Amino acid sequence: MKLVTYEQGAEQKIGAVVGDHVVDLATASGRELPRTMLEFIGRGEEALETARQVLRGSPQSVPLAEVRLLAPIPRPPRNVMCVGWNYAEHFEEGQGRRGPGGSDEMPEYPTFFTKLPTSIIGPGEGVQFDARISTKLDWEVELAVIIGRSGRDIQPEQAMEHVFGYTIANDVSVRDVQRRHGNQWFRGKSMDTHCPLGPWIVTADELSDPQQLHLSCRVNGELKQDASTEYMVFQIPRLIQELSLGTTLQPGDVVLTGTPSGVGFARTPPEYLKPGDVMELEIEGIGKLANPVVAYPG
Ligand code: MG
């Protein structure tokens, strides 16, 4: 199932995408299903089964073109959890560019950082460029994992049972701010609008192998990143194991799994985004997420 959060008129709803239409799940289920994605995810398999039954009944739907898609989880209750340097080629392209304290040895444990929930935007929304802060705005296509079942100290063998589904994320980064705070990347990664997410959550049962997905990023139509999730250094079960160590993962937590090579700062010469540019991210089995860069109106 493809699950969306969307606006129709003044109302925010969650729906299931069927072809180029969307079914309002709360209405079609006679209010049995909730109105927010977080509540839906929190209800787990029971909500999924009800949604499947609703869809079998050929419910009313509206064309996707008539609604506005938001990020599938517009405002998660906790920071988005992210891993840095999770594709070997991306680690290598950063050699000598990591700044003070950055090692050129591939680490034994993943490097984690977080993005504020307020950095999340939906498909088509503008990513802010503020020249007063920085002109080193960069793209990063990433597979985002949505946690379904809560758990702590999760072992790799059980980790995938805790995954609700997947979506596409753009870990937009402001490179000079990212580097200026040593190895604490939070500041350069958390600015408003710098976490496009969407267009929908593909439930885990729909992707037979999330470690075999082609992923790419185009800027103004030009291919910049082109890889497969099979090249993750720390694969999804290991990331869930590490993140859940002594920390209870919760339904609706969002985990970004790292970006492959081809980001702007590591290109020769370096390339950065400017207002008017359009980033188009694509992940096999999920879809496409496009966002323009817009000048901050300050
Ligand atoms: Mg990243």
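Predicted model: local features only at pLDDT ≥ 70, side-chain atom pairs only at ≥ 80, totals over all residues.
Residues are numbered from 1 along each chain as its sequence is written. Local features need pLDDT of at least 70, side-chain atom pairs count only at pLDDT 80 or more, totals for chains, interfaces and linings use all residues, and side-chain values use heavy atoms, with hydrogens and water left out.

View 1. Ser134 sits in the loop between strand E9 (127-129) and strand E10 (137-138). Helices (H or I, at least four residues) and strands (E, at least two) are DSSP runs, numbered from the N terminus. Ser134 counts as buried because its relative accessibility is 7%; buried means under 20% relative accessible area, exposed over 50%, partly exposed in between (1.4 Å probe, protein chains only). A polar contact of 2.6 Å links the side chains of Ser134 and Asp176. A polar atom of the Ser134 side chain also lies 2.8 Å from the backbone nitrogen of Lys136. Polar contacts are pairs of N or O atoms within 3.5 Å; within protein, one must be able to donate a hydrogen and the other to accept it, and residues adjacent in sequence count only if both atoms are side-chain atoms. Leaving aside residues up to four places away in sequence, Ser134 touches Phe129, Val174 and Asp176 (contact: heavy atoms within 4.5 Å).

**View 2. The magnesium site.** Glu140 (OE), Glu142 (OE) and Asp171 (OD) coordinate the magnesium ion at 2.0 to 2.1 Å. The donor residues are spaced E-x1-E-x28-D in sequence. Glu140 lies in the loop between E10 and strand E11 (141-147), and Asp171 in the loop between strand E12 (163-170) and strand E13 (173-174), so the pair ties together parts 31 residues apart in sequence. Both Glu140 and Asp171 are buried. Donors are N, O and S atoms within 2.8 Å of the metal (3.2 Å for Na, K and Ca); water is not among the atoms, so sites may look incomplete.

**View 3. Lys13 in strand E2.** Lys13 belongs to strand E2 (residues 11-18). Its relative accessibility is 9%, so Lys13 counts as buried. The Lys13 side chain makes polar contacts with the side chains of Gln8, at 3.0 Å, and Asp24, at 3.3 Å. Residues that Lys13 touches, not counting those up to four places away in sequence, include Tyr6 and Arg35.

View 4. Ser134 is in the loop between E9 and E10. Glu140 is in the loop between E10 and E11.
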